[in-house]
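User: I am new to this structure. Please show it, and then let us go through the terms one by one.

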Amino acid sequence: MREDEKKDDPRILVVEDDEDAREAMVALLQMKGYRAVPAGNGQEALDYLRRAPVPDLIILDLWMPVMDGWQFRSEQVKDPRLKNVPVIVVTALSDRADVDANEVIIKPVDVNRLLTTVSQYCRREPTQ
Amino acid sequence: MSATDALGQREIETLEQREALAMLGADVSTLQTLWADDLIVNSTANLIAGKEILLEMIKSGRLKLRTYERRPVSIVTFGDLVVATGNEVSQLVAGSAMIKTFVSYMNVWTKRTGSWQLLARHVGLIQREKPEPLQQS
């Protein structure tokens, strides 16, 4: 946990295989007062979710190795503990974003739109 | 190329290096001046960010460079717009690691009220090396 993290900071899981994108999103969300946790693909995300507290939100890429975003969603909704966690899909596949998600944001991701959307699903206003 | 265009090109060459140096030194006050308020940056992370969020990331230390070298390849003038393209090599500090990255870039500069400002920037990844432990200098 970062030094400036608080126990009640909203927890967000960022599932993205692209290291640049994943690290940049995590850094951005942490800067805004969220507890952001990275996962490199759907399987890593599931492994994390099965041993960690349920997050307030999942940000999910679709096209990933090992387990893609569609497979992850299919596994997520089967798990009673995880099925109600809201999901924001971020994808470049604008014509293939046929996934059941609360929101779909097309890449490249406008940071302001991402932060506004995240704040709608997390329990408190992030740090300004 | 007109004499005015050549002068503009030389001015942009200088500004390109000044801006890179300000990024390296996390010199927020210089960046405040060199960046247009409506700056748009599309990074290798496929995130589009503006001036406010980028300055916040620099100030908070979440965007920190150990080395940064910019090599303009082409500078083309279109009146009060100048497009600079080239490549960059940098070492980004990420926690206790350092990541060497090679990118191509396109910077768009515009002249407003007599001064050139960076209006738009697009960065494309060429190569990203594996993270290495950060050596204390």
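User: What makes the five strands of chain A an open sheet, and in which order do they come?
Analyst: This is a predicted model, where local features need pLDDT of at least 70, side-chain atom pairs count only at pLDDT 80 or more, and totals for chains, interfaces and linings use all residues. Residues are numbered from 1 along each chain as its sequence is written, while chains are lettered from A and ligands numbered from 1 in the order in which they are written. Strands are DSSP runs of E, at least two residues, and helices are runs of H or I, at least four, numbered from the N terminus. Two strands pair if DSSP finds at least two bridges between them. In chain A the order is 2-1-3-4-5, with parallel pairing. Strand 2 (35-39) and strand 5 (103-106) of chain A are the edges, as each pairs on one side only.

User: How do you know that strand 4 of chain A pairs with strand 5 of chain A?
Analyst: Four bridges join them. The definition asks for at least two, so they pair. Val90(A) stands opposite Ile105(A).

User: Why is strand 6 of chain A said to pair with strand 2 of chain B?
Analyst: Two bridges join these parallel strands. At least two are needed, so they count as paired. Val109(A) stands opposite Leu47(B) there.

User: How many residues of chain A are in contact with chain B?
Analyst: Contact means C-beta atoms, placed from the backbone, within 7 Å. By that rule 11 residues of chain A touch 16 residues of chain B. Helix 1 of chain A gives the most to this side of chain A, with six residues.

Key
Two residues are in contact if their C-beta atoms, placed from the backbone, lie within 7 Å.
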